[in-house]
Amino acid sequence: MSDDGQQYLNDLDKRLWSAADRLRANVNPGDYMHVVLGLVFLKYISDAFKERRDELKKAFFDPENDYYLGDDSGMVDPEMLEQELEARDYYTEKNVFWVPALARWDFIKDNAKVAAGSLLEVRNGRTFQYEFKGIGRLLDDALDAVEKENPRLKNVLDKDYARKRVDEALPGLIDLLSTVPFQHQSLKAKDILGHVYEYFLGEFSIAAGKRGGEFYTPKSIVSLIVEMLEPFQGRVYDPCCGSGGFFVQSERFVEEHGGRIGQLSVYGQEANPTTWRLASMNMAIRGMDFDFGKEPASTYTRPQHPDLRADFIMANPPFNMKDWNEGVQHEDVRWKYGVPPAGNANFAWMQHMIHHLAPNGSMALLLANGSMSSNTNNEGEIRKALIEADLIECMVALPGQLFTNTQIPACIWFLTRNKRERGNAASHPRQRQGETLFIDARNLGYMKDRVLRDFKAEDIARVADTFHAWKRHSPSPLAGEGRGEGAAYADTPGFCKAATLEEIRKQDHVLTPGRYVGAAAQEEDSEPFEEKMARLTATLGQQFAESARLEAAIRKNLAGLGYEI
């Protein structure tokens with residue numbers, strides 16, 4: 001993205017959030033997010049529909065175009081033109097949502113301030129009457145019409161504006177979205193609207209505190225995992241998908257590396273009905289095909305993709321989740337490496353993901369740091385079994401204060417079913433059996449505000465490039481940072497270490513990177529010890545003398561004022 005495009009998005013973020021936030025007083029805080037994001041969704045599908053409609057209209061008048069509707073004299077019949085512009089197939093062939101007239105933004109905007117009455121809807125040259133009972137009801141009916149015309153959104157959209165009683169706030173929000181130019185010379189409308197949706201999710205996550213973690217994972221962490229796994233083609237799965245951030249970033253990764261939309265098949269599951277809807281809307285805004293199951297459901301008791309074997313699995317499950325196993329059998333086929341304790345779901349999530357991993361698949365999940373070392377309630381035995389099965393590919397220790405919803409220190413586990421060499425090209429994995437890479441990234445990142453830390457692009461690149469260098473190139477005997485495409489990997493004290501299975505056994509199967517990477521190398525002091533001591537002693541003597549002079553001056557001044565110390 002160009003600097004100009006990024007600046008445009010940054011300015012748009014601030015403008016939208018600041019303006020929308022002023023309307024918060026008129027909306028229940030619990031409803032505010034859904035009110036705003038529902039409108040953003042309607043604005044996007046309407047803009048995409050209108051853009052395609054304008055393309056069609058131009059084609060219908062172009063004698064050189066296959067869609068030309070004119071006669072020999074160049075005249076186009078207005079009635080035929082209107083019918084063709086309303087033909088659904090012209091839109092679906094370009095993966096553009098068919099938007100009923102009732103749900104189109106211009107219609108909504110024009111009637112946002114109407115209290116009640118009869119409205120007219122024109123469709124396929126015919127006029128229909130609509131009894132209007134307020135803007136909230138109109139929006140509910142608009143969303144319902146969108147669902148009926150687009151089956152994959154069935155039961156997804158939050159058609160609840162009338163019940164929320166937000167008619168007073170809606171005209172202001174609609175006017176706001178109407179005035180924002182969702183167009184830029186270097187950005188597509190889809191990218192702009194998708195960015196706005198993602199930005200609002202992040203802001204709502206911060207505002208919601210702990211509850212925000214249910215639907216949002218920090219973008220930099222998502223980017224880091226995606227850059228390391230490189231999901232270029234195949235099946236991608238997230239068993240607790242939240243708002244779908246991993247899928248969005250995966251699709252972006254494919255586009256940035258010259259791939260095509262549709263190279264990834266997206267599968268997800270989410271138990272929270274609200275979050276399940278947010279994720280589905282997030283996919284729809286970007287035109288991504290997805291399968292989130294028939295309904296929101298528990299991953300443990302009602303898995304929506306029981307036969308799935310995914311090439312890439314990414315997840316940020318709730319940390320240290322308790323009481324997760326109600327209705328789950330001890331003999332469950334997923335618990336191949338040990339039955340997870342009832343008081344902590346960390347290794348239940350992990351084993352569920354392993355169960356759904358394809359033979360050559362790779363996976364990553366965020367977990368609390370305790371998962372790397374805990375020996376309570378069978379956790380140590382499960383971790384030992386995973387290590388001895390040679391599934392652990394890389395462990396990354398993260399800095400604190402990365403998450404809005406928890407202060408628990410976290411790490412990323414990377415696992416794979418296949419550490420064998422696959423091909424001999426420079427970009428293919430080398431033979432890594434019996435090896436695990438440890439990366440200590442706790443000192444990376446910067447404080448973006450008083451409470452939250454974030455990664456810079458160069459931090460993400462350093463970790464990801466180190467992982468790829470280790471994965472693809474035999475280690476060099478020389479210490480170094482081992483970064484960059486084609487660079488040989490080398491252990492770097494204080495940052496990364498490629499450890500053998502035997503070394504991990506000596507650490508009692510504890511996977512904390514700090515145990516392996518050691519301390520960062522200190523620069524050698526070129527000044528001889530005797531000379532340094534003489535210099536420091538002389539400096540200290542000068543400071544003592546100056547201190548004595550200042551003390552004497554202070555005593556003298558105080559005595560002049562009649563005070564003695």
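Contact here means heavy atoms within 4.5 Å. The model is predicted: local features need pLDDT of at least 70, side-chain atom pairs count only at pLDDT 80 or more, and totals for chains, interfaces and linings use all residues. Residues are numbered from 1 along each chain as its sequence is written, and side-chain values use heavy atoms, with hydrogens and water left out.

View 1. The C-alpha atoms of Ile-354 and Leu-415 are 8.2 Å apart, while 61 residues separate the two in sequence. Ile-354 counts as buried because its relative accessibility is 4%; buried means under 20% relative accessible area, exposed over 50%, and partly exposed in between (1.4 Å probe, protein chains only).

**View 2. Packing of helices H13 and H14.** The axes of H13 (residues 346–355) and H14 (residues 379–388) come within 11 Å and cross at roughly 30°. The two helices are therefore roughly parallel (angles under 35 degrees; over 145 is roughly antiparallel, 65 to 115 roughly perpendicular, and the rest oblique). The crossing is left-handed, that is, the near helix is turned anticlockwise from the far one by less than a right angle. H13 contributes Phe-347, Met-350, Gln-351 and Ile-354 to the contact, and H14 contributes Glu-379, Ile-382, Arg-383 and Leu-386. These residues divide into five nonpolar, one polar and two charged. Helices (H or I, at least four residues) and strands (E, at least two) are DSSP runs, numbered from the N terminus.

**View 3. The loop at Gln-401, between strands E8 and E9.** Strand E8 spans 392–397 and strand E9 spans 410–416. Gln-401 has a positive phi, near 60°, in a residue other than glycine. With a relative accessible area of 32%, Gln-401 is partly exposed.

**View 4. The loop at His-509, between helices H16 and H17.** Helix H16 covers 501–506 and helix H17 covers 514–517. Phi of His-509 is positive, near 65°, and the residue is not glycine. His-509 is buried, at a relative accessible area of 10%.

**View 5. The protein chain, for context.** The chain has 18 helices and 13 strands. Of its 565 residues, 50% count as buried. Among contacts with a separation of 6 or more, 67% come from residues 24 or more positions apart. The chain exposes about 27,700 Å², with carbon and sulfur atoms supplying 48% of it (Shrake-Rupley method, 1.4 Å probe).

Notes. Axes are lines fitted to C-alpha atoms, for helices over the stretch in contact, and angles run from 0 to 180 degrees between N-to-C directions. Ala, Val, Leu, Ile, Met, Phe, Trp, Tyr, Cys and Pro count as nonpolar, Asp, Glu, Lys and Arg as charged, and the others, Gly among them, as polar.
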